[in-house]
Each structure stands twice: as C-alpha cells, then as structure tokens.
Amino acid sequence: MPPPATSSLWPILAAMIDQAKARIEAAGDTVEWAGLLWMQGENGASGTWAYLHPTAGKEYSDQLRTFLAAVRVRTSPEMPVLIG
C-alpha cells in the first residue's frame, strides 16, 4: 500500500511507529496495537466551504481511508480506530 501521498508528516509518523515497535521488541515484549484515536478539527467547516469545495468531504473521506490503511499496514490489519 502506498503511503498517504500529500502528507509531509507521514514519514515522521511511519518512523515513530517503526521505532516504537523496535524498542518494545528489543526489550523482549510483544507489541499489541490496542487501537488508534483520530480527532478531526472543525477547520473549513464554515458555510462557504461546501460552496467553494463541494467534493471536499468525499476527498477527505478517501484520504482518511488511505491514511488509516497505511497505518494498519505498519501496525495491525485489524486495529480498531475511533474517529472523533
């Protein structure tokens, strides 16, 4: 799965996930990914946003799915995600 293409922060997050897993395993423990909490802000939710960008919701939804799939590739395919 390709990483999220438009995010400059993806390489940092991917490295943090990989490093955390390596440190835990180096300590002799097993990694068990309990879940991911994703909190989305309200930026761009004004009344004019939908008029100016009518497909923004669909685009965001697609990008979020791609991001979550990429995170699950690095962690656990069945990891639950709570979106707030």
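## Basis of the description

A residue is called buried when its relative accessible area is under 20%, exposed when it is over 50%, and partly exposed in between, with a 1.4 Å probe and protein chains only. This is a predicted model, in which local features need pLDDT of at least 70 and side-chain atom pairs count only at pLDDT 80 or more, while totals for chains, interfaces and linings use all residues. Residues are numbered from 1 along each chain as its sequence is written, and side-chain values use heavy atoms, with hydrogens and water left out.

## Overall architecture

The chain contains three helices and two strands, in the order α-β-α-α-β from the N terminus. These elements are DSSP runs numbered from the N terminus: helices are H or I with at least four residues, and strands are E with at least two.

Of the 84 residues in the chain, 17% are buried. Among contacts (heavy atoms within 4.5 Å) with a separation of 6 or more, 68% join residues 24 or more positions apart. The accessible surface, from the Shrake-Rupley method with a 1.4 Å probe, is about 6,400 Å², and carbon and sulfur atoms account for 61% of that surface.

## Helix α1

W10, A14 and I17 are the buried residues of α1. Seen down the axis, they fall within an arc of 65° and so line one face of the helix; the arc is taken from the directions from the helix axis to the C-beta atoms. The face turned away from this buried side carries the exposed residues M16, R23 and A26.

The buried residues of α1 pack against α3 (56-74). After α1 comes G28, which has a positive phi, near 90°.

## Helix α3

α3 has 19 residues and reaches 27 Å from its first C-alpha to its last, close to the 27 Å expected. Its buried residues are A56, L64, F67, L68, A70 and V71. They cover an arc of only 160° around the axis, which puts them on the same side of α3. K58, R65 and V73 are exposed on the other side.

## Position of L9

L9 belongs to the segment before α1 (10-26). L9 counts as exposed because its relative accessibility is 56%.

How values were computed:
Expected span 1.5 Å × (residues − 1).
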